[in-house]
Amino acid sequence: MSNNEVRVRFAPSPTGALHIGGGHTALFNWLWARHTGGKFILRIEDTDLVRSTKEYEQTIMSGMTWFGLDWDEGPDKGGDYGPYRQSERLDIYRKYANKLLDEGKAYKDGDAIIFKVEPGLDISFDDIVYGKINVMSDGLKEQNSDKLKDIVIIKSDGMPTYNYAVVIDDALMHISHVIRGEDHISNTPKQILIYRALGFDVPQFAHLPMILGKDKKKLSKRHGATSVYEYRDMGYMPDSVFNFLALLGWSAEDHEIFTRAEAAELFELKRVTRKPAVFDPDKLNYINQEHLKRLEPMVRLSMIKPFWEAMNLPVASHDDKWLADALTLMAGRGQTAKEMAEFSDYFVSFEPVKARWDGKDISEDRRPSLKEFFNAVLSEPEWTHEKLEERARAWVEEHGVKMKDYAMPLRFALTGMKVSPGVFEVAVHLGRDEVKRRLEFYNLI
RNA sequence: GGUCCCAUCGUCCAGAGGCCUAGGACACAGCCCUUUCAAGGCUGCGACGCGGGUUCGAACCCCGCUGGGACCGCCA
């Protein structure tokens, strides 16, 4: 069973949606497989009968797909080493447990089967990330006792335990590198004991640093959004979450913003760091903004559209190219797709503008002057933002007033916001008729 | 209580004995640009936890301390 093909796996238990920590682990496995040209395997660890569900299994798979992590073998794809669902491998676990029983390496306790831990064994291992980890079997004590703790391998309900099933599966699936969270370091020596008892080759281990919340505690629900879907719904793009998570515990030489392909090319397991990393939402925002800026206009539109639709805006009544160009005008504004959608709603419809601003704060005595200004600007025959601005500047200079005092009312009439791209660019994109319509509505023309 | 792991700016990473008066990014502050807000440009703030060694020389090696964390389930 030894060629040097890299085979790695992500083995979630379907007891919840794919969360950030799991996504991080899956991501590093995927990176290593793609970097080496090896195989990435998805295995479902559903031996916890009460908590595992098919729905969660599905959710995890679609979470990975959203993320852009494709697997080569798995419950839905098959492969040469299936089944890929632990609940379908019960006979296999039973078979090896019986072997252990026959050889006197395990014993029964009721319906359970327990693996006997012998004292004095060196169960140290070399971790690709953490280096040499020294452990003796004598250290595997029961809590508050000097008694050695044997390892349950088959539970009373007939299901295998994690520490046992993971060994059988990784060995039989020819996993070359076990890449998982650092919280598994202390499980590793126990698993090594089982590999040895069964005569299996021990794979290479690479443990990944934990992801912590702002309070430096292991990331959990308390820290807010933890499932990858929550990030999708908040308007983060998969490429951004991928990029951000890849940077937790690893760094690509000189650039921080990269694509999946670039990351896969640059990735090195040996360069993974050991220190637990704090999840910093500010950095995620920044990375998402960078990716948003780099998108092709039509692709960007496809990211924003769902959010506009969710806001009940008449997206279909506009040309895609026109909408995409509107978003290009938004350049750099908004850190998430959701924000960008919200900040640009006035392009799609006049309704949200009216809802935000009623124009009442423009006093009657200011209107004549504003009307004069708007009419002057609108009289410009060449409908380009350069020309409009030129005309506007000439007008304010001639009247000895400040551009700001005239640009802001225009901005409000067109967008209903105090913030937007350059007003003249917005005006040009909306079109002369639409600009007139909006100004007329506010009785400013 | 036991075993194991970790320790560079607030955060994420560079740094694998001299290139470090410690570098980049995010965040933060200021300035520039400017019709607004962003973006962009520039500047600033800001760290090798402590104590011992080893060495001509230590952020990097060793020991101790302190501080974090993980695990010790018939959960995974």
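**Chatting about a protein with RNA strand B**

Me: Hi! What does the side chain of serine 13 come up against on RNA strand B?
Reply: Hello! In this predicted model, an N or O atom in the side chain of serine 13 is 3.2 Å from a sugar or linking oxygen of RNA strand B.

Me: And which side chains have an N or O atom by a base nitrogen?
Reply: Arginine 333 is one of them, with a side-chain N or O atom 2.4 Å from a base nitrogen of RNA strand B. For arginine 411, the distance to a base nitrogen is 3.0 Å.

Me: How much of the RNA within 4 Å of the protein is sugar or phosphate?
Reply: Sugar or phosphate accounts for 71% of those RNA strand B atoms, and bases make up the rest.

Me: Switching topic: which residues touch the most others in the largest nonpolar core?
Reply: That core has 90 residues, and the ones touching the most other members are Leu31, Met64, Phe115, Ile153, Tyr164, Leu245 and Phe279. Helix 1 (residues 20-36) gives the largest share, eight residues.

Me: What is leucine 245 in contact with, leaving aside neighbours within four places in sequence?
Reply: Its contacts are Ile20, Gly23, His24, Leu27, Phe28, Phe67 and Phe279.

Me: And what's in the second core?
Reply: That separate core has 49 residues, including Leu301, Ala324, Tyr346 and Val426.

Note on methods. Residues are numbered from 1 along each chain as its sequence is written. Chains are lettered from A and ligands numbered from 1 in the order in which they are written. This is a predicted model: local features need pLDDT of at least 70, side-chain atom pairs count only at pLDDT 80 or more; totals for chains, interfaces and linings use all residues. Side-chain values use heavy atoms; hydrogens and water are left out. A nonpolar core is a set of buried Ala, Val, Leu, Ile, Met, Phe, Trp, Tyr and Cys residues joined through side-chain atoms within 4.5 Å. Buried means under 20% relative accessible area, exposed over 50%, partly exposed in between (1.4 Å probe, protein chains only). Helices (H or I, at least four residues) and strands (E, at least two) are DSSP runs, numbered from the N terminus. Contact means heavy atoms within 4.5 Å. A residue is near a molecule or strand if one of its heavy atoms lies within 4 Å of it. A polar contact is a pair of N or O atoms within 3.5 Å; within protein, one must be able to donate a hydrogen and the other to accept it, and residues adjacent in sequence count only if both atoms are side-chain atoms.
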